[in-house]
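I opened this structure today and kept notes as I looked things up. Here they are, in the order I went.

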Amino acid sequence: MKLEKTVWGTTKNGETVYRYALSNEKGTTVELCNLGCSILSVTVPDKDGTPTDVALAYETCGDYERNPASFGCVVGRYGNRIKGGRFQFAGKTWQLEQNEGKNHLHGASGAYGRRFWPVSEESEDALTFCMESPDGDGGYPGDLTARVTYQLSNDNELSISYHVTTKTQAFCNLTNHCYFNLSGHNAGDVLDHQVFIGADAITEVDAESIPTGALLPVSGTDFDFNEPKAIGRDIDGSHPQLAFGGGYDHNYVLKETSGPCASAYSPKSGIFMEVFTNSPGLQFYTSNSLEEHEAGKGGAHYENRSGFCMETQFFPDSVNHPEFPSCAFTEEAPLNLHTVYRFSTK
């Protein structure tokens, strides 16, 4: 195992941004940076042993202070959507910024995904980034300290651990927003990827992608990935939920399992990715709203459906749905979430 660290750039506030590379003995390298606690690349051997970067990303440090597509970053304080940006918590009504129509998405202008995250711990196989967020930050109640640890194993497992504490009471929904293309980050669309998601239901959404509170069974519908199928097989199907997101952009209610909750496979590269998590939901997003010819790293140009996200998370708008799993936590009961992306070939 090896960790390399190089200066990548400087933020507008004068902070030095480092580019970190974790490498293992199997030829896998994961690159990370302080801005947004972001994944910049995930390079794994394909079926022929050729190193293949499977993570969409931008080219420069400055791109990550903007990061309009949220490439590879940790979104928060609340990843996903909150209806009207409004909720009740600790006996009070709170109003957040509305940055997606009338709703609040990914922390809005105070998003963690564009902030500088210092590294608090480093070793040859792991990095821990830290974020201090005071009470009222971004309009949210409660203070928090978030520690996000990325670790790479010699079994080609990239683990992401979220440890969130508070001195009061708070809530948050942190997730990594990495876009994957297992054929290579610049290989075109992902419609041929075979995907499995172990879930019997999705959270139904309205035309603004806000949960209604209902859970929709997926069996026999365009949303059923309990048996692996190509992303493109049903993405333009007749299910009314597909029209709201322009494809898949929905939270799956994960089954409890000790095995993988989801997986994806590229028949072109032979790269197979399994996902393990203790989170209750997984947002499956097929990059339906990338800007046309989004400029990426290495001269790449990303278009709609050129990547997919498997964002392990609490359910969208859970603060307004007491029937959903709660992402609230206290000083006595901190939040501990863990996700593993395991890569192999077949």
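Entry 1: I began with C261, which is buried, with a relative accessible area of 3%. For my own reference, buried means under 20% relative accessible area, exposed over 50%, and partly exposed in between, with a 1.4 Å probe and protein chains only. This is a predicted model, so local features need pLDDT of at least 70 and side-chain atom pairs count only at pLDDT 80 or more, while totals for chains, interfaces and linings use all residues. I also noted that residues are numbered from 1 along each chain as its sequence is written, and that side-chain values use heavy atoms, with hydrogens and water left out.

**Entry 2: disulfides.** How many disulfides does a search of the whole structure find? The search gives 0, taking a disulfide as a pair of cysteine sulfur atoms within 2.5 Å. C261 is in no disulfide, and its nearest cysteine sulfur, that of C309, is 14 Å away. I checked C73 as well: the closest cysteine sulfur to its own is in C37, at 9.2 Å, which is too far for a bond. C73 is another buried residue, at 2% relative accessibility.

**Entry 3: L282.** From C261 I moved to L282, because C261 is on its contact list. I count a contact when heavy atoms are within 4.5 Å. Leaving aside neighbours within four places in sequence, L282 touches residues including I197, H250, Y252, L254, A262 and M310. L282 sits in strand β24, residues 281-285, and its relative accessibility is 0%, so I put it down as buried. I also looked up L282 and C327: they are 45 residues apart in sequence and 14 Å apart in space, C-alpha to C-alpha.

**Entry 4: the sheet with β24.** Strands here are DSSP runs of E, at least two residues, and helices are runs of H or I, at least four residues, both numbered from the N terminus. Two strands pair if DSSP finds at least two bridges between them. β24 belongs to an open sheet of 5 strands, in the order β19-β18-β21-β24-β27, with antiparallel pairing. Why is one side of β19 and of β27 left without a neighbour in the sheet? β19 (211-217) and β27 (309-313) stand at the edges, each with a single partner strand. β18 (residues 199-205) is joined to β19 by 4 bridges, and V205 stands opposite P211 in that strand.

**Entry 5: a second sheet.** I then found an open sheet of 9 strands, running β11-β12-β13-β14-β29-β23-β22-β17-β20 and paired antiparallel. Its edge strands are β11 (119-122) and β20 (229-230), each pairing on one side only. β17 and β20 share 2 bridges, and Q194 has A230 in β20 as its bridge partner.

**Entry 6: a hairpin.** β8 and β9 form a hairpin with 2 residues between them, and A90 in the turn has a positive phi of about 55°. The two strands run antiparallel and are joined by 4 bridges, β9 covering residues 92-95. F89 has K92 in β9 as its bridge partner.

**Entry 7: aromatic pairs.** The whole-structure search gave 23 aromatic pairs. Rings of Phe, Tyr and Trp (its six-membered ring) pair if their centres lie within 6.5 Å; planes under 30 degrees apart are stacked, over 60 edge-to-face, and the rest tilted. W8 and Y64 make a tilted pair, 5.9 Å centre to centre with 50° between the planes. W8 lies in strand β1 (residues 2-10) and Y64 in helix α1 (residues 63-66), so this pair ties together parts 56 residues apart in sequence. Y64 is buried, at 0%. F180 and F308 are tilted too, at 6.0 Å and 40°, and both are buried. W8 and Y64 also belong to one aromatic cluster, together with Y58, F71, Y179, Y285 and Y302.

**Entry 8: T52.** My last stop was T52 in strand β5, residues 51-53, which counts as buried at 11% relative accessibility. A polar atom of the T52 side chain lies 3.0 Å from the backbone oxygen of T50. Beyond four places in sequence, the contacts of T52 include V42, D46, S183 and I271.

Definitions and conventions. A polar contact is a pair of N or O atoms within 3.5 Å; within protein, one must be able to donate a hydrogen and the other to accept it, and residues adjacent in sequence count only if both atoms are side-chain atoms.
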